[in-house]
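Please look over the sequence and the structure before reading on.

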Amino acid sequence: MPIRLENVGIAVRDLEATVAFFTDLGLTVLGRDTVSGDWTDTAVGLDGNHAKIAMLQTPDGNGRLELFEYIHPDAIETEPTRPNEIGMHRIAFSVDDIDEALAIAARHGCHPLRGVATYEDIYRLTYVRGPSGIIVMLAQELTKS
C-alpha cells in the first residue's frame, strides 16, 4: 500500500500570529478556510467542531502544515511540551542561515530553548519555542555537497 505524508496539523491559540511566524520563515499560505458541520465532527471526532484553518507549504513543495484555531469547542490550554515528553515532539526545518532564521523568530518573540549547538561540524541546530508553545527545530547544514 503506497503511503505519503500529507501534512502535520497543529492547533494554535492565534492563527494570524502563527501564520505570520511561519510565513516569515519562508513557508507560503496555500489556502485558508473556516470549517464546520457533520463532516468535520466525524473526521475530527468532536461534536460542534468549528475552526479557522490555514494550510502552509515549504518552499520546496514537500512539507505542509495545517494550522487550526478552534472557535468551538473552546481550545484547551496545556503546558508547553518539553523535548522529552511522549507525543508530538517538534517540527523541524532545514534553513540556509540559522542566524537569519533566529533573527526572524526573535521578531516574533520566539527564542532558543537554550542556544545554538553544533553537531559534529555537520549541522548547527537549535530548538525554538514558537507561537502557541510549538517547538520548532532549525538546522543549518554546514557540509553542503
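The paragraphs below describe the sheet and the pairing of its strands.

The model is predicted: local features need pLDDT of at least 70, side-chain atom pairs count only at pLDDT 80 or more, and totals for chains, interfaces and linings use all residues. Residues are numbered from 1 along each chain as its sequence is written, and side-chain values use heavy atoms, with hydrogens and water left out.

An open sheet is formed by four strands in the order 1-4-3-2, with mixed pairing. Strands here are DSSP runs of E with at least two residues, numbered from the N terminus, and two of them pair if DSSP finds at least two bridges between them. Strand 1 (8–11) and strand 2 (28–36) stand at the edges; each has a single partner strand, so one side of each is left without a neighbour in the sheet. On average, neighbouring strands of this sheet are turned by 20° against each other, direction ignored; the axes are lines fitted to C-alpha atoms.

The table lists the pairings.

| Strand pair | Sense | Bridges |
|---|---|---|
| Strand 1 and strand 4 | parallel | four bridges |
| Strand 2 and strand 3 | antiparallel | eight bridges |
| Strand 3 and strand 4 | antiparallel | eight bridges |

Strand 3 covers residues 50–57, and strand 4 covers residues 64–72. Individual partners can be named within these pairings. Thr28 has Gln57 in strand 3 as its bridge partner. Within strand 4, Leu67 stands opposite Ile10, while Leu65 stands opposite Leu56.

Strand 3 and strand 4 also form a hairpin, with six residues between them. In its turn, Gly61 has a positive phi of about 80°.

Definitions and conventions: Axes are lines fitted to C-alpha atoms, for helices over the stretch in contact, and angles run from 0 to 180 degrees between N-to-C directions.
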